[in-house]
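Please open the model in your viewer, show the chains as cartoons and keep the selection tool at hand. The stops below go from one chain to the other.

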Amino acid sequence: MAERSFKKEVEQLRMGAGGTFRGEGILAVTKALLENGVGYVGGYQGSPISHLMDVFSDAQDLLAEYGVHFENSASEATAAAMLAASVNYPIRGAVAFKSTVGTNVASDALANLASGGVTGGALVILGEDYGEGSSIMQERSHAFAMKSQMWLLDPRPNLPSIVAAVGHGFRLSEASNTPVMMQMRIKSCHVHGHFTAADNRRPAMTVSDALQNPKRDLSRIVLPPAVFLHENEKVDRRWPNAVDYVLENNVNEHFGNPASKIGLIVQGGTYNGVIRALNRLGLSDIYGETDIHILCLNAVYPLCDSQILDFCDGKDAVLLVEEGQPNFIEQAVGHMLYQNGRTTVLAGKGALPMAGEYTGKRLVESIAAFLREHAPSLLPPATAKTNEPAQSDIPDLSTVVPARPPGFCTGCPERPIFAATKLVQQQLGEHHIASDIGCHLFSIMPPFDIGSTTMGYGLGPASASALQNRDKAGKRSISFVGDGGFWHNGLTSSIGNASFNKHDGLIVIVDNHYAAATGGQDILSSRAQNKSRKTNNPIAKAVEGMGVTWVRQIDRTYDVTTMRDTMIEALTSPEEGPKVIVASSECMLNRQRREKPALAKAAKEGKRTVRPRFGVDEDICTGDHACMRLSGCPSLSVKDTGDPLRDDPVAAIDQTCVGCGNCGEVADAAVLCPSFWQAEIVSNPTPAEKRRASRTARIIGWLQGRRDARRLTFA
Amino acid sequence: MTLHAPVIARRSPGPQGERIITLAALAVGGQGGGVLTNWIIAVAEANGYHAQSTSVAGVAQRTGATVYYVEMCKDTGRTPVFALSPSEGDVDIMIAAELMEAGRAVMRGFVTPGRTTLIASTHRIAAVSEKIVPGDGRADAGQVIAAMGLAADQVVAFDMETLATKAGSVISASLFGALAGSGALPFPRDSYEAVIRKSGKGVEASLRAFGLAHDCAKGTMAPPAPQGVTPRIRTLNVPARLRAGWQALEARLDGLPAEARHIAGLGLKKVVDYQDIAYGAQYLDMVERAARLDAAPFALTQAAAKYAANALCYDDILRVADLKTRASRHQRVRDEVRVKDDQVMRLTEYFHPQFEEFTATLPARLGAWLQRSRRAEAFYSRHLDKGRRIRTDSLAGFGMLWAVSALRPRRRSLLRHRGEMAHVAAWFDHAMAIAPQDLALAAEVLANRRLIKGYSDTHARGLSKFDRVMSALPMLRGRPDGADWMRRLRTAALADEKGQALDGALKTVESFAA
């Protein structure tokens, strides 16, 4: 079960023509797919399009009503390969994943798909994870479009434009027999807005129809000699057809005054930011009415030479707003202008920063600088004046405000794994630790500070493969991989590789029963019952199937002592080959979402329920905070005692504690201090339980009273 | 290169004077920023505004800092071009769901003089980096509050978390109320409340939190007192047959300098509660000794009163057993976890006594003999060295701890006590020896007691830090800035676990002492 449910929102997907559809960008995309008669959809979750997969998933029944096939792809490569259904059959297909990590994984399939070309429209929806809030390396999807020759759409970030782009994507793909990528930036995925709906359409041909009437065409298969023809086809036929489609259908938009001596060429995705910058400079109203001529490229690849040359005609200078680097578009436009002997000045990188997100501040400053240089008369003098006090009056808080990177949730079952790893290193010395992608990567942050590299999803153990100690008694590498990464790629690239090459390292598979970092989607080893997917396939069984003989399954990661001892055993075992620990406990976010309402309901119905909670005796806590250096749980924090005799704040556990037990286990394994207690609050206790409790309380009370009568107390 | 005047870019309105209002919210993941954003969108749309929100979800929701962004504009029939992220110097309303997030908003340039209404909850959620410091690593709230006042056009700041809790709701409701009460948006109060009613979940509690925060923001109600320290109320209980002895001790307090009387009174209660009346007398001997060497403002006496009490009340198994079996403690736990009368509470204590602690709790000679025995240690670590969970709501568990605490009258004969008293005497004598030449340095030496804390390895690490800080004493004696440096060394020792900052500070001291 995914973290966020869209069950309510997907009802909107049935909306017919003329209705006003309200919601997030990703929901709009799903509606647009239905309106365009899509035949099948797939993809792999990852920010910022995780919710798109969740929307698909929650809309499964609806998709089925329209004869649309949906599946949760095993990886982005699987998703891209799925588009093969559009090679021979006129069926529209769409897949979604995050870019550029997903595009990297998918690039083999994408390259083959782009070579043979497609008959039905093939659309790849890319959640572009670039700029603030990104969790990956900063690269551009544009390079993939260029190298495989697929078209890339970058629509303006509003719902009507995004919906229109989906339709253009399919038609452009069909008109040019080329798969099309549509990129959605982080914020346009989550943008809330509205658009006017159209009727949903059933696919003209379903995937079942295709299976009943199979077709093949040797010339579409990526093998010589067809591949040589494909390359020529790309430039002779597909490219011109694509350019024609873009021009004839006005995919790119013009704004402002064509007579302007100054022009801006912008990627669709940057349009809103550019308009805001112009508005702040007094050059545009809030609706985008401006005297400056703008060419907005909703299709950023291919570029239409004639359109760009026409736009530049008669202009003194043109500023190209192209986010990310290298500056592929600027290079292409510069080349066009030069080849055609034009003298229009082209500004781009240089006027704008070479790298980094084009934030509001950067756009204002760069566009102002460009205009000052090339059209000084345009900038009204008022913009240079202000009565606002200088910002320098405000003290610099950078040394005061603490950083707040994301971390493990309250009660997370992964925290004890890394507490144990810290204890292992205290005992056996520092080790080389290879990390992977997933929630468990939070281990690189304080308080754990564990891990040296992260090379890609499912590649943690693979990234330790060179680090094989010749000294069998020497230190071994430790590597981590999550259950999501394990099924995505890790089973073969990491586990199979280590087994085949007899790598001695320790591999910890962090199994929290879901692809948790992307929002808690089910995977092969999920323990949940999922009516449309096959779950409950144990990881340990798969690992053994790859030939690994040293496998330990730990079913309660909170047992820090066992976790630590098993890791030490793995790091000192004389056995050859990889030592694999499958550390399994359910993601606490998902567990709470399931159990909390159930518990509340049971308690209300008068059933006996037990609610655990941890606490700290502040008189016993000495304020050293060693527990927090091994935990980092959000519910475990510091507080003042108000006691003038004490200097340091003590540990305290707040009401958000879910009673996972990590505090007590860590205090035990690391021999910290006896200040932790665990309370279990029993609602609707049995009569016998109640009698026992009150009898015990009476005896204890008598003992306490007797002792207090003989001594002075201050408590 | 030519230098230009700075471009001050301000949003210009539409043809009918309609203007875009920008609103950003900074929250800690899990605080419900998404709910707040949806409410703001809903209230804007209900008032005939176009509204757009964006956020960066994804891993940021996992307790990290998150930004939500809303733009809105009066609907005149055309759709404005809204930006998708907040821009420095261009935010009209900034909502911060925690004090340091307000600081972050200021730091990032989202709070602009003459423009921004800053709505901030002043409660703290400590970041990991603040929590893991062995001493007190919490950020300085005062600096942030001062900067907020300078940076914002209007500040609406109070503890909205406490208000929300009081109303049985969550902070998104009180933030929404503060937004309404601030008057930063041109919407009537009932339109906000209608939005909450429509949300259908926990409506009554949300409305209560909304109302409280609204009134505080408006100024018609006093905001809750700043989240601060509420010292636990302790009661002194003196059995009749101890009354005379206790009164004699209390009388001795009057002989101390006025500046030190309060703290010495607290220390005395702590020490007598820990052991007995005689122990209190021993404590007062120490404080009086410091007072005799001291002069106004009697900082040395105050330090002695504070740290001698802490030194005498060292953390041993007896004390832990005693504290865990008190009636007041049981009640405190019940209150903290909110146990109702018809519920039953089970209570488990986590113990892991090590060989050192076990032997130190034996009579001195037996303990010392066992500590020398390799075989005894091996036996202990094989059979006894493990974590113990003791149920103090059961007779067996409570009885076990009760029995340990009953050893208290015998504490003076135990091995641990002998070691502790030797250490205390050496430390205190040291300080008293310095006092005649350098009162300030002597007080700092007393304050070094702060470094010794914890149990087992933590205690050992504290002791070693104490020793290292004290090792600088010969280099600092006789220097006019000796006390200052001693304080700096102690601060460095509390900055990190491994003592890296202390190493650096010690090197500096060595360099100028050489």
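In what follows, a residue is called buried when its relative accessible area is under 20%, exposed when it is over 50%, and partly exposed in between, with a 1.4 Å probe and protein chains only. This is a predicted model, in which local features need pLDDT of at least 70 and side-chain atom pairs count only at pLDDT 80 or more, while totals for chains, interfaces and linings use all residues. Residues are numbered from 1 along each chain as its sequence is written, chains are lettered from A and ligands numbered from 1 in the order in which they are written, and side-chain values use heavy atoms, with hydrogens and water left out.

**Chain A as a whole**

Select chain A first: its C-alpha trace spans about 100 × 75 × 60 Å along its principal axes, and its secondary structure comes to 23 helices and 25 strands. Helices here are DSSP runs of H or I with at least four residues, strands are runs of E with at least two, and both are numbered from the N terminus. Of the 715 residues in chain A, 60% count as buried. A contact means heavy atoms within 4.5 Å; among the contacts of chain A between residues at least 6 apart in sequence, 78% join residues at least 24 apart.

Switch to a surface view of chain A, whose accessible surface comes to about 27,000 Å², with 54% belonging to carbon and sulfur atoms; such areas come from the Shrake-Rupley method with a 1.4 Å probe, and for residues only the protein chains shown count as cover. If you then colour by charge, chain A shows 71 positive and 76 negative side chains, and the centres of the two sets lie 7 Å apart. Lys and Arg count as positive and Asp and Glu as negative, whereas His and the chain ends are not counted; each charge is placed at NZ of Lys, CZ of Arg, CG of Asp or CD of Glu.

Next, go to the peptide bond joining Tyr301(A) and Pro302(A), which is cis, with omega about 5 degrees. Pro302(A) sits in the loop between β12 (299-301) and α13 (305-312) of chain A. Another cis peptide bond joins Gln325(A) and Pro326(A), again with omega about 5 degrees, and Pro326(A) belongs to the loop between β13 (317-321) and α14 of chain A.

Now select α14 itself, residues 328-339 of chain A: its twelve residues should span 16 Å at 1.5 Å a residue, and the 17 Å between its end C-alpha atoms agrees with this. The expected span is 1.5 Å times one less than the number of residues. Show side chains for the buried residues of α14(A), which are Phe328(A), Ile329(A), Glu330(A), Val333(A), Met336(A) and Leu337(A). Just after α14(A), Gly341(A) takes a positive phi of about 65 degrees.

**Asn469(A)**

Further along chain A, select Asn469(A), in the loop between β16 (453-454) and β17 (478-482). Is Asn469(A) buried, partly exposed or exposed? Asn469(A) counts as partly exposed because its relative accessibility is 30%. Leaving aside neighbours within four places in sequence, Asn469(A) is in contact with Gly474(A) and Lys475(A).

**Over to chain B**

Select Ser55(B), in strand β2 (residues 49-55) of chain B; with a relative accessible area of 14%, Ser55(B) is buried. Not counting residues up to four places away in sequence, Ser55(B) touches Lys187(A) and His190(A) as well as Val67(B) and Tyr68(B).

From there, move to helix α8 of chain B, residues 203-218, whose 16 residues reach 22 Å from first C-alpha to last, close to the 22 Å expected at 1.5 Å a residue. Its buried residues include Val203(B), Leu207(B), Phe210(B) and His214(B), and what covers the buried residues of α8(B) includes α1 (33-46), β6 (154-158) and α5 (160-166) of chain B. Lys218(B), also in helix α8 of chain B, is exposed, with a relative accessible area of 56%. Just after α8(B), Gly219(B) takes a positive phi of about 95 degrees.

For the last stop, select Ser456(B), which has a positive phi of about 50 degrees although it is not a glycine. Ser456(B) lies in helix α21 (residues 456-470) of chain B and counts as buried, at 16% relative accessibility.
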